[in-house]
Each structure stands twice: as C-alpha cells, then as structure tokens.
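Trainee: Could you walk me through this structure? I'd like to talk about its rings, its charges and one of its helices.

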Amino acid sequence: MTTATAPLTVGRLAEAAGVTTDAIRHWEHEGLFPAPERSAAGYRRYGPAELDRARFIRACQRAGLRLADIGDLLAVRDTGACPCEPAGSHLERRIAEVAAEISRLESLRSQLTAMLGAVEAGTCEHPLPDNWCPPRAADGGECE
C-alpha cells in the first residue's frame, strides 16, 4: 500500500483536516462520521473519503453552521446528491444570525464610544456598568 492510500490514524486524519483528534472523536460520537475500521490493535483507520468528510465538516463549521445543520447536509451528500439546495435554508438562517450579531456589536460600539467620550470629558455621570467609581458616602459616590 502506498502512503497515498495507506489508512490514516485519527492523529493523521486530524492533522490533515486541520482539526484536533478530539474533534474527530466528537464528530464520530455525534454521528457525523461512520464507525471507523479498526486495526488489529484496535486503532481507528480512515481513508480518503473520511478526510474529505472531515474537510467538509470543518468548512461548514467555519461558515458557522451547527453540527445538526452539517448532519443534514451530510445526509444529502451521502446519497451522492449535491447538498447545495438544502444548504440554502441553513445559510439564510446563519446570515440572519450574523446580521443580528453585527447589529448588537454596532450598538455596543456606540455605547462604548459614548462612555469613552464621557470619561475623557470628565462627565461620566452613569456609564455602564452603572458607575465606574466606588460609592463614597460623603459626596454620593461621585468620582474625584
């Protein structure tokens, strides 16, 4: 057997896919990988199809898809069909999540900018979280 077709151990598969061995084992546990063949010593053995599968899963994760979404796409892919059509609804949902996160982060940036402006101007009446300064009984907790 040449090195190109030699079975891969979980470590070599993980390295080739750019993930950890724990990720491969987790995907197996979640049903994204079929039970691997085992060597006589009980080591997991993988081939080129599993490397392709691991790279597909990793690419989907980089796009922010959940393991359940990836499982849906793999189920279609395993039939030999292209998973592009069912991927559309998963991607639309992910785009909406990213848009909501961008909106949240823009709001946070506005709050932080306002807080910084108040700190620089010395007028930080009630910045988040409520007040930066420790309470002082003598002057009602105002900053010096």
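**Rings, charges and a helix**

Mentor: The structure holds two aromatic pairs, where rings of Phe, Tyr and Trp (its six-membered ring) pair if their centres lie within 6.5 Å, with planes under 30 degrees apart counting as stacked, over 60 as edge-to-face and the rest as tilted. Before we go on: this is a predicted model, so local features need pLDDT of at least 70 and side-chain atom pairs pLDDT 80 or more, while totals for chains, interfaces and linings use all residues. Residues are numbered from 1 along each chain as its sequence is written, and side-chain values use heavy atoms, leaving out hydrogens and water.

Trainee: Are the rings of Trp27 and Phe33 stacked or edge-to-face?

Mentor: Look at the two rings together. Their centres are 6.2 Å apart and their planes sit at 10 degrees, so the pair of Trp27 and Phe33 is stacked.

Trainee: And what about the rings of Phe33 and Tyr46, stacked or edge-to-face?

Mentor: Phe33 is in the loop between α2 and β1 (37–38), and Tyr46 is in the loop between β2 and α3, 13 residues apart. (Helices, H or I, have at least four residues and strands, E, at least two; both are DSSP runs numbered from the N terminus.) The ring centres of Phe33 and Tyr46 are 6.0 Å apart with planes at 85 degrees, so this pair is edge-to-face.

Trainee: Which residues form one aromatic cluster?

Mentor: Start with burial, meaning under 20% relative accessible area, with exposed over 50% and partly exposed in between (1.4 Å probe, protein chains only). Trp27 is buried at 2%, Phe33 is buried at 3%, and Tyr46 is buried at 2%. The cluster is made of Trp27, Phe33 and Tyr46.

Trainee: Over to charges: how many salt bridges are there?

Mentor: The rule asks for a side-chain nitrogen of Lys or Arg within 4 Å of a carboxyl oxygen of Asp or Glu. One of them pairs Asp22 with Arg25, at 3.9 Å from N to O. By this rule the count comes to nine.

Trainee: Which residue forms a salt bridge with Arg44?

Mentor: Arg44 lies in strand β2 (residues 44–45) and its partner in helix α2, so the pair ties together parts that are 16 residues apart in sequence. The closest N and O atoms are 2.8 Å apart. Arg44's partner is Glu28.

Trainee: Which ring does the charged end of Arg77 sit over?

Mentor: For that to count, NZ of Lys or CZ of Arg must be within 6 Å of the ring centre and within 35 degrees of the ring normal. Here the charged end is 4.3 Å from the centre, and the ring belongs to Phe56.

Trainee: Last one: what arc do the buried residues of α4 cover around the axis?

Mentor: In helix α4 (residues 67–77), the buried residues are Asp69, Ile70, Leu73 and Leu74. They are on the same side of α4, because their arc, taken from the directions from the helix axis to the C-beta atoms, is only 135 degrees.
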